[in-house]
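Dear colleague,

Please find the structure below, for your use. My notes on it follow.

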Amino acid sequence: MQIKTNRDEFENYLRDASNIIGHAEKVFIPETFKEVSEILSEANARKIPITIAGARTGTVGGAVPFGGYVISLEKFDKVLDLDKTRKVARVQAGVLLRDFQKLVDAEKLFYPPDPTEWSCQIGGNIATNASGARSFKYGSTRSYVQSIKVALANGDVVHLRRGEVLSSDGSIEIEINRGNKIRAKLPTYPQPRVRKNTSGYFTASEVDAVDLFIGSEGTLGVVLEAELKLLDKPESFFSGIVFFEHESDLIACVNEARKRSFDSRASMTVGINATLLEYFDNQSLKFISRKFPEIPSRADSALFFEQETNEKTEDYLLQSWYELLEKYNALLEDSWFTTSEQDREKMRNFRHALPIAVNETIARYNQRKVGTDMAVPDENFQCLLKFYKSKLEESHLDYVIFGHIGDSHLHVNLLPRNDDEAVKARHLYGRFIAQSIMLGGTVSAEHGIGKHKRKYLYVQMGERYINEMVALKKSFDPNYILGRGNLFEPRLLD
């Protein structure tokens, strides 16, 4: 095990993609369960805060320490087993998603979760319940976690298998080492009616112990290993980046594509069944037009879609999509379509070129972007988008709007050019949060809460539900050492 004690040695462990910079006493880089257990046991006895570091790709400061110890899981980087017959893989928490995806793909299997940044680690994905564009069809990381090995605050390591430990009468009981048990009362808040949500601890009428740790952002335990469910690799995809002259046509097209996708899944019939539905507004197209000069000048917005196909269904599905797009006046002659994997990667590069262009722009301004991550119920989506656009036009700020329109979840990136605009952008962000909550949405659909959004979680949940979450944490972590500062203001724990 490596132990770093000089700040010069561990400067990189004090920040993540949020650009928040923290401080720590030591950084531990363990290689075994026993080493992790010993670090936690000592820290718990001395009430020293512990921050878990993965690849540090998160955008909300979850991996940024403010005192205490950092445990980096970078050496937990092995795929321990891949069973093609059972279609499961057993991996350590530090395995990079990029490497895992390549390995699975080579075996003609498929692991659907695809957050934008593939340099993240599997453990971090589990801790944040990571999702991405494909979650429109396949769901988030939670849907693929079959079991976990997790280290608790006192150093005990427990192995939880899905379906074996379930809540009853609003409480859950987990047996740990030496015959002891943890019994915890679960929060009573309902989940918002959205398909993507990473705001607070998971709740349901019956909660699986595995799901309690997924999305808990390192505040209940440290995920060290997981068994993941895999799917058969799709034979082929039909993909398109489709341009529209009028945004109202695009939204109407998405509404029908979404409904027909849900209908196809419910009836198990062949038909339009999108893997992803991604949106780009007019500002987004302007931002990347230098890299993609073939974007038609009259395009007001664009839709990126994918659909699984095979040799038998390809012709029928291509025709179905063309008819749908034609119905809503898409600029078909100017749009891009493909069934080849190579060209599909180029389309994904189009999707990823926008965040790169945004980051380059904000760097020139020497400011930080202000990005939203809210989702609302489908029936309230157009109301939220209208609110976004009206307030953005009034503000005269630079911005782009893009993202997961199939899940009624868009990212508004505000790009202040100076300090005064930065203040205005943060104020506007607060108004967007308030409007999303009023519309029954969530303050964080996929990025998590971390340290950056905890005050907004308080606004969404209210004091009663926050206190219920704190009580749950106390059951698992009575000395409040794990992920201190994530989800809750430290004063709420004191």
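A strand, in these notes, is a DSSP run of type E with at least two residues, numbered from the N terminus. N413 belongs to such an element, namely strand β20, which covers residues 409–415. Please bear in mind that the model is a predicted one.

**N413 and its surroundings**

Residues count as buried under 20% relative accessible area. N413 has a relative accessibility of 5% and is therefore buried. Its contacts, apart from neighbours within four places in sequence, are V358, K369, V370, G371, D398, Y399, V400 and F402.

Helix α11 (residues 381–395) packs against helix α12 (residues 419–438) at an angle of about 160°, and the two axes are 11 Å apart. Angles over 145 degrees count as roughly antiparallel, so α11 is roughly antiparallel to α12. Their crossing is right-handed. On the α11 side the contact involves C383, L384, F387, Y388, K391, L392 and S395, and on the α12 side K424, L428, R431, F432, Q435 and S436. Classed by type, the residues in this contact of α11 with α12 are seven nonpolar, three polar and three charged.

Helix α11 also meets helix α7 (residues 247–267), with an angle of about 155° between them and their axes 13 Å apart. The angle makes α7 roughly antiparallel to α11. Here, too, the crossing of α7 past α11 is right-handed. E247, I251 and N255 of α7 form the contact with Q382, L385 and K389 of α11. The residues in the contact of α7 with α11 comprise two nonpolar, two polar and two charged.

The crossing of α7 and α9 is right-handed. From α7, the residues C253, E256, A257 and R260 take part in the contact, while α9 contributes S320, W321, L324, L325 and K327. In the contact of α7 with α9 there are five nonpolar residues, one polar residue and three charged residues.

**Nonpolar cores**

The largest nonpolar core contains 97 residues, and F100, F213, L277 and F476 have the most contacts inside it. Helix α13 (residues 454–476) gives the most to this core, supplying eight residues. For F213, leaving out residues up to four places away in sequence, the residues touched are I126, I148, V150, L152, L160, I174, L220, G221 and F476.

**Two residues with positive phi**

Most residues other than glycine have a negative phi. N19 is not a glycine, yet its phi is positive, at about 70°. This residue lies in the loop between α1 (7–10) and β2 (26–29). Its relative accessibility is 44%, so N19 counts as partly exposed.

N129, likewise not a glycine, has a positive phi of about 50°. N129 is placed in the loop between α4 (122–128) and α5 (135–138). Is N129 buried or exposed? With a relative accessibility of 6%, N129 counts as buried.

**Two further positions**

P355 is a residue of helix α10 (residues 341–365). Because its relative accessibility is 17%, P355 counts as buried.

D8 is found in helix α1. D8 has 76% relative accessibility and therefore counts as exposed. The C-alpha atoms of D8 and K26 are separated by 11 Å, with the two residues 18 residues apart along the chain.

With kind regards

Definitions and conventions. Residues are numbered from 1 along each chain as its sequence is written. This is a predicted model: local features need pLDDT of at least 70, side-chain atom pairs count only at pLDDT 80 or more; totals for chains, interfaces and linings use all residues. Side-chain values use heavy atoms; hydrogens and water are left out. Axes are lines fitted to C-alpha atoms, for helices over the stretch in contact, and angles run from 0 to 180 degrees between N-to-C directions. Helices (H or I, at least four residues) and strands (E, at least two) are DSSP runs, numbered from the N terminus. Angles under 35 degrees count as roughly parallel, over 145 as roughly antiparallel, 65 to 115 as roughly perpendicular and the rest as oblique. A crossing is left-handed if the near helix is turned anticlockwise from the far one by less than a right angle, and right-handed if clockwise. Contact means heavy atoms within 4.5 Å. Ala, Val, Leu, Ile, Met, Phe, Trp, Tyr, Cys and Pro count as nonpolar, Asp, Glu, Lys and Arg as charged, and the others, Gly among them, as polar. A nonpolar core is a set of buried Ala, Val, Leu, Ile, Met, Phe, Trp, Tyr and Cys residues joined through side-chain atoms within 4.5 Å. Buried means under 20% relative accessible area, exposed over 50%, partly exposed in between (1.4 Å probe, protein chains only).
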